[in-house]
Amino acid sequence: MIFVTGGAGFIGANFVLDWLAQHDEPVLTIDKLTYAGNLANLADIEHDRRHHFAKVDICDRAALDRLYAEHRPRAVLHFAAESHVDRSIHGPGDFVQTNIVGTFTMLEAARAYWGTLDGEARDAFRFLHVSTDEVYGSLSPSDPAFTETTPYAPNSPYSASKAGSDHLVRAYHHTYGLPVLTTNCSNNYGPYQFPEKLIPLVIANALAGQPLPIYGDGSNVRDWLYVGDHCSAIREVLARGVTGEVYNVGGWNEQNNLSVVKHLCALLDELSPRADGKSYGDQITFVTDRPGHDRRYAIDARKLERELGWRPAETFETGMRKTVQWYLANGEWVRQVQSGEYQRWIETHYRTND
Ligand code: NAD
Ligand code: TYD
């Protein structure tokens with residue numbers, strides 16, 4: 001069995017669904033079900049006997065120890081985190097707690113369990129930590145893309161807390177020999193992404209006739225990767241990655257925010273035209289910039305290609321089309337997640353941002 005923390009969130013759920021579509025090895029999803037965790041993301045495997053679920057906080061050491069004793073996993077895929085930069089600006093405490101203390105607790109529980117293994121089980125055990133390119137800080141337009149040796153320079157409470165967790169993971173390998181792997185990935189998009197992040201927010205607002213808020217002048221650049229490609233990279237790293245190593249994962253696809261939003265509007269104009277015949281582009285609104293907004297992220301994913309033969313399968317065009325089609329076909333999922341807490345976030349954040 002494998003453990004997947006954060007498996008009810010965006011990337012974790014995609015990972016669990018893809019895993020069970022390709023393997024018979026059972027999965028235990030460990031998730032606290034914060035505002036971002038949603039069992040509806042796993043509805044397709046609700047009756048799948050290979051999938052188990054535990055509503056557990058990764059800071060709860062005793063509960064983690066019980067799960068290890070009961071299920072004896074051969075690997076842990078650690079996705080659980082507070083993940084939204086804007087929320088980390090409004091309230092950094094949860095980010096320090098889950099991303100740093102939670103990862104520390106996960107490492108301690110894994111170390112204790114790994115210490116009970118011997119022989120093949122001990123050699124085969126893996127702890128894969130899922131992290132972000134944001135730990136490397138911000139690039140200027142002419143800088144080369146982030147490599148695995150780019151010095152850490154996190155700028156937001158989110159990226160600083162993820163950087164802290166990466167350092168702990170590294171230290172547990174060097175100090176205790178824990179067989180860890182770390183992936184640092186660029187911005188993901190795709191099905192089941194919570195509509196607080198740029199791409200699903202723009203799709204949901206466009207269809208609801210709301211403004212499409214672009215921070216600053218829309219020239220900030222991100223390197224977009226379809227979530228299924230992130231999941232395939234993680235499977236490769238888990239299967240064949242060298243313990244103690246870091247692998248950057250990226251889409252070779254830099255876009256500024258304004259181009260991303262215009263691309264989405266063009267797709268929506270084609271797939272679900274506005275009743276008045278006008279373009280969704282008319283809803284674009286420029287709002288006050290995010291404090292400390294990183295200018296540019298870009299990932300150099302050549303190590304992953306060279307050593308493990310991984311390349312993304314989707315282009316930006318194919319991935320975005322699939323994503324828009326998924327949101328159009330899953331309006332009920334969007335309505336369900338846009339519940340009370342979501343409304344409060346939108347009102348607080350975008351009121352201060354207008
Ligand atoms: P998400 O916010 O959609 O999901 C996070 C999940 O973790 C939720 O299901 C939530 O309930 C769970 N969780 C939060 N705190 C928890 C706790 N204390 N105990 C147990 N579960 C808890 O996030 P995501 O976008 O799916 O990101 C998953 C991972 O990938 C994160 O570690 C993130 O840093 C990393 N990452 C994300 C992106 C991206 O573009 N979204 C890019 C690179 C890396
Ligand atoms: P986001 O999806 O929050 O990811 P991250 O901050 O982790 O990169 O934002 C992606 C980009 O879109 C980022 O440059 C901020 C910008 N953005 C907007 O312009 N408007 C919005 O309403 C949001 C949520 C993000």
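Which residue just after helix 6 takes a positive phi? That residue is G177, with a phi of about 80°. The model is predicted, so local features need pLDDT of at least 70 and side-chain atom pairs count only at pLDDT 80 or more, while totals for chains, interfaces and linings use all residues. Residues are numbered from 1 along each chain as its sequence is written, chains are lettered from A and ligands numbered from 1 in the order in which they are written, and side-chain values use heavy atoms, with hydrogens and water left out. Helices (H or I, at least four residues) and strands (E, at least two) are DSSP runs numbered from the N terminus.

**Helix 6**

- Buried means under 20% relative accessible area, exposed over 50%, and partly exposed in between (1.4 Å probe, protein chains only).

**Ligand 1**

- Ligand 1 is surrounded by 29 residues, of which I11, D31, S83, Y158 and K162 are the closest. A residue counts as near a molecule or strand if one of its heavy atoms lies within 4 Å of it.
- A polar side-chain atom of K162 is 2.6 Å from an oxygen atom of the ligand. On the backbone side, a polar atom of K32 lies 3.0 Å from a nitrogen atom of ligand 1, and an N or O atom of G37 lies 3.5 Å from an oxygen atom. A polar contact is a pair of N or O atoms within 3.5 Å; within protein, one must be able to donate a hydrogen and the other to accept it, and residues adjacent in sequence count only if both atoms are side-chain atoms.
- Alone, ligand 1 exposes 840 Å², and the protein buries 97% of that. Accessible areas come from the Shrake-Rupley method with a 1.4 Å probe; for residues, only the protein chains shown count as cover.
- Helix 1 (10-22), strand 5 and helix 6 each give two or more residues to the shell, and strand 5 gives the most, with three.

**Ligand 2**

- Of the 19 residues around ligand 2, E134, R222, R290, H293 and Y350 come nearest.
- Oxygen atoms of ligand 2 lie 2.5 Å from a polar side-chain atom of Y350, 2.6 Å from a side-chain N or O atom of R290 and 2.9 Å from one of N187.
- The protein covers 97% of the 510 Å² of accessible area that ligand 2 has on its own.
- Helix 3, helix 7 (198-207) and strand 8 (212-215) each give two or more residues to this shell; the largest share, three residues, comes from strand 8.

- Most residues other than glycine have a negative phi.
- Y192 has a phi near 70° and sits in the loop between strand 7 (188-189) and helix 7. Its relative accessibility is 11%, so Y192 counts as buried.
- W252 has a phi near 55° and lies in the loop between strand 11 (246-249) and strand 12 (254-256). W252 is partly exposed, with a relative accessible area of 37%.
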